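These are my notebook entries from an afternoon of looking things up in one structure. I wrote each entry as I went along.

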Amino acid sequence: MGRYALRRTLVNIPVIWLIATLVFFATNVLPGDFVARRIAQQNPAGGEDTTAQVAQIKKDLGIDKPIAERYTRYLWDVVRGDLGESYRSRQPAISEFKRGAPYTIQLSLMMLVVALATSVPIGIISALRQDSLVDYVLRLLAILGVAAPNFWIGTMLLLLVVRYELWTIDLINSPLLWEDPLRSLQLFILPAVAGGFASGAGIMRLTRSQMLEVLRQDYIRTAWAKGLRERVVVVRHATKNAMIPVLTAIGLTVAGLLSGNVVFEYLFNIPGVGNRILTAITERDVPVVQAFVLIIATFVVFVNLAVDLLYGWVDPRIRLS
Amino acid sequence: MRSNYWEARQRKLSRRRFVGGAAGASAGLAAFLAVGCGDDDDNGGDGTPAKGSATPGTGSPTAAPTAQGKKGGVLRASSSNATYDTFDPSRSRFTPVATIIGRTMQRAIHWDSFKEGRLAGGFAEKWEQPDPQTVVLKLRKNNFFHNKPPVNGRQTKASDLQFHIERQKAGVRQDGTEDPNFYRKGEYGIVDSVTSPDDETVQIKLKQPSPLFLNLLAQSYEGIGAPEAIKEFEKDYANFHEKMIIGTGPMILTEFSSEGRLKFQRFDKFTGTGYLDGIQEVPLFTDAQAAQAAFEQKQIDSHAPSNVQVLNEMRERLKGKISESTNFSVNPIIAGSYFGGAEPWNNPNLIGAYFRAIDRRQVIQQLHGGRGAISGSIPPSQGAFGLTEKELITFPGYFQEVDKDIAEAKKMWEAGGGPALGEVTLDIPDIFEGAYQASAILVAMLNKNLGTSQFKAKIEPYSTITSKIVQQKYGGGNANLWFGWDTEVLDPEPTAFLMSNYSSTTTLNKQFSVKIPGMDELLAKVGVELSIDKRKEMTREVERMLLKSYGGGRIYSHLQITNTLVWNYYHGSESAPFSTAHLGAMYNWIDPADPTYQGRPA
């Protein structure tokens, strides 16, 4: 297991280098760079010759060097853990990420809780009561969760709470759980439900199909024949085995959630990673885009590794092979 | 029919100007900050703006709010734009910075009312112009800087103001580096010398008589800081921090984050009016629904819906609880600028055809859902100096009977040899296209109105467009034009702008090079005319001449309009398309006794 983990980690290094390179060149060839936008915002088509101003701003930002030199410098800085400085705020890009991360982590965890709390039990119940009314209703809900755009669900929830004055959603301070639990929940519960429901719908369907497959296995029939109680058969024998592919889906969901809930952060004015990267892209704040993409990509790569390792741990057959 | 913009505001904008009058639009580049918006109480104005603002010997009127405010409360608002270029007022041109400056710093003098064109004392309490080339400023007594190091709340001195002017005139950093980002260096070039005969007096000698120097001192970015703070922070001004903003204005900046979360606290030693305990600015709402929700839950006190259906629905549902103000955006939208010194745009038939084929009302309708006002060469936001709408619609390109303009445009295009030009490129700035998806609309309109299929759109960054303007490449052998936001209107008076753009003696005019007989002579006269009433007459004449010459190099289209809703408990100061943050910081107030205040979160 240890050697496997080490080998996979080493393989991930060129992957991350490739991502860093792609991000560097992609952000440097985007039309309308930061300086152009800045000049345009200051004086759109004022007719002044802005050559000197452009040169001064580029010099101040350290982007007056050739692209090859900047690329080499960028890679060296990444190796040293320096992800650059935001053009916009002049703060280290990593600190921008750190500021946004708590919001994204909280939102993602809450979404995950909602997703798992609804999808796994519903998936199991649906499988156990296959083709019953309960099954149809739950499957319908799952299809709704997959089909309805999650931003629409989020918007509807927001409007519902505001229009019927159900509670005050703190949209201007975005308090975190450890800062003000009640106000934080009042805000985050809406995107958590909307996002969690959507993410959970897929997991629910997978859980159901896996459970159906496992429930038809010989060893389950044997368990029933032995006279084991339903709870023991379902929980100990069926669910545990059905969860193996579900685990992969959950892992990918976690990676997706933590890599930035752009839509919900945007919709609920939450200053998380997704919202910040969106602003950075709009503003052509290249170092922030590069840093965020690199961190997120690295995270996703290692979540995948963790899922694979977990997979092996849960299913000894895989570990042995 | 109204005679100027301010009257129009009193009458909620006339039908023709406010074409369609009801549809949505985003604020676009117009950096309209909700905090700076007033309510709709514009009844104080008499519609006769700009009385004697620059007349020699004028004293400073006493600043006075229009209603009796109550002290207390923290105003909360969202910024529509949270990008900052530098915390050095003398090197900034970003509206959010002008907002910070307006709240925290005093200018030597400031606009106390844009509506009435009234200047008032700021850092300097009084001023006089003993002769046309001398301006004497008398400093306000007992005026103190905010208590932040290294200034530590000391009293102001004449040398502070002297340093402010000399630094901008030189355009040089403390380390001796010449910095092109001292944007107003050119305007300060008129200053011959600045002296401080005593600690309360600054005397400025001008190289030539200028009625506009006081306007320069009153511009949005002219906040005065202490020399010791500038020396300490100059090299770090781009690393935005609240400690760097040290002024003498009504508010102290206590918290700043570059995503737009700012806190201001009342400066108790401020010598003028001030009601609010503070102002809290929150980052721009990324989603319109969230902004609306925050407004409806009274977490922010004002809101400008971008969608007209939403606006109408809110107007109806919250009737009696909210008031509304309408405002022009700061950036006029122009149908392009062109080089008239060579083919093809030196041909009056061709450029005239384009000028008349722009159906300004249709553009307003399609780009902004009707929320806009047609603009002559002087935008309606500077209406006191421009033509009345009644007169504007008598000029080609602005006829109410659009068909007449279009029929003439077609004839002129044919007569000028337009079809032989081949493809005509219309450059659209990328950020403009992003905001309005204008290219398809404009190209379809031009091709239809000129009976051709020659027009094609090209999306370009502003830097490319600016570069082409400077290099005389809109025209000058190229069949191309552009359409987008023009530069921000900073001053309620257009005189300086007209002089720099349309006098053939200026460098800027080289990019247009449209010969207009009599224009140089008229601009030379207006540039030294000390009577503002006479200047208004002259600038109107300039506009007439420009319109007859198809814009004289710049083809104006319109100004966008924004509607801002505020709860009744919030009493705003005057709203204007210029930076009004200084007025808001002094005169905005909150009335806890108003029934709508109930339910406002602490």
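**Entry 1, the interface.** I began with salt bridges across the interface of chain A and chain B, and the rule finds two of them in this predicted model. For one salt bridge I noted the partners, B:Glu259 and A:Arg276, whose side chains meet at 3.5 Å, N to O. I then looked up which parts of chain A touch chain B, and found that helices H2 (34–42), H3 (51–61), H5 (93–128), H7 (150–163), H11 (262–267) and H12 (273–283) of chain A each supply at least two residues to that side. Sorted by class, this side of chain A has 16 nonpolar, 15 polar and 14 charged residues. The contact as a whole takes 45 residues from chain A and 55 residues from chain B, and the two chains bury about 4100 Å² between them, with 52% of it on carbon and sulfur atoms. I also recorded seven residue pairs in polar contact across the interface.

Which residues have the most contacts inside the largest nonpolar core? I found B:Ile204 and B:Phe213, in a core of 128 residues. Leaving aside neighbours within four places in sequence, B:Phe213 is in contact with residues including B:Val135, B:Tyr188 and B:Ile204. A second, separate core has 65 residues, among them B:Phe355, B:Ile374, B:Leu426 and B:Ile555.

I looked up B:Asn480, which is found in strand S17 (residues 480–482) of chain B, and I wrote it down as buried because its relative accessibility is 8%, under the 20% cut-off. A polar atom of the B:Asn480 side chain lies 3.1 Å from the backbone oxygen of B:Lys473. Not counting residues up to four places away in sequence, B:Asn480 also touches B:Trp345 and B:Tyr474, among others.

In chain B, the bond from B:Pro149 to B:Pro150 is cis, with omega near 5 degrees, and B:Pro150 has its place in the loop between strand S5 (134–139) and helix H3 (158–170). The bond from B:Glu343 to B:Pro344 is cis as well, with omega near 0 degrees. A:Arg90 is buried, with a relative accessible area of 15%, and A:Ser174 counts as buried at 0% relative accessibility.

Note on methods
Residues numbered from 1 in each chain as written. Chains lettered and ligands numbered in written order. Predicted model: local features only at pLDDT ≥ 70, side-chain atom pairs only at ≥ 80, totals over all residues. Heavy atoms only, no water. Contact = heavy atoms within 4.5 Å. Buried area = accessible area lost by both parts, 1.4 Å probe. Salt bridge = Lys/Arg side-chain N within 4 Å of Asp/Glu carboxyl O. Polar contact = N/O pair within 3.5 Å; in protein donor to acceptor, adjacent residues only side chain to side chain. Helix = DSSP H or I, 4+ residues; strand = E, 2+ residues; numbered from the N terminus. Nonpolar A, V, L, I, M, F, W, Y, C, P; charged D, E, K, R; others polar. Core = buried A, V, L, I, M, F, W, Y, C linked by side-chain atoms within 4.5 Å. Buried < 20%, exposed > 50% of the residue type's maximum accessible area, 1.4 Å probe, protein only.
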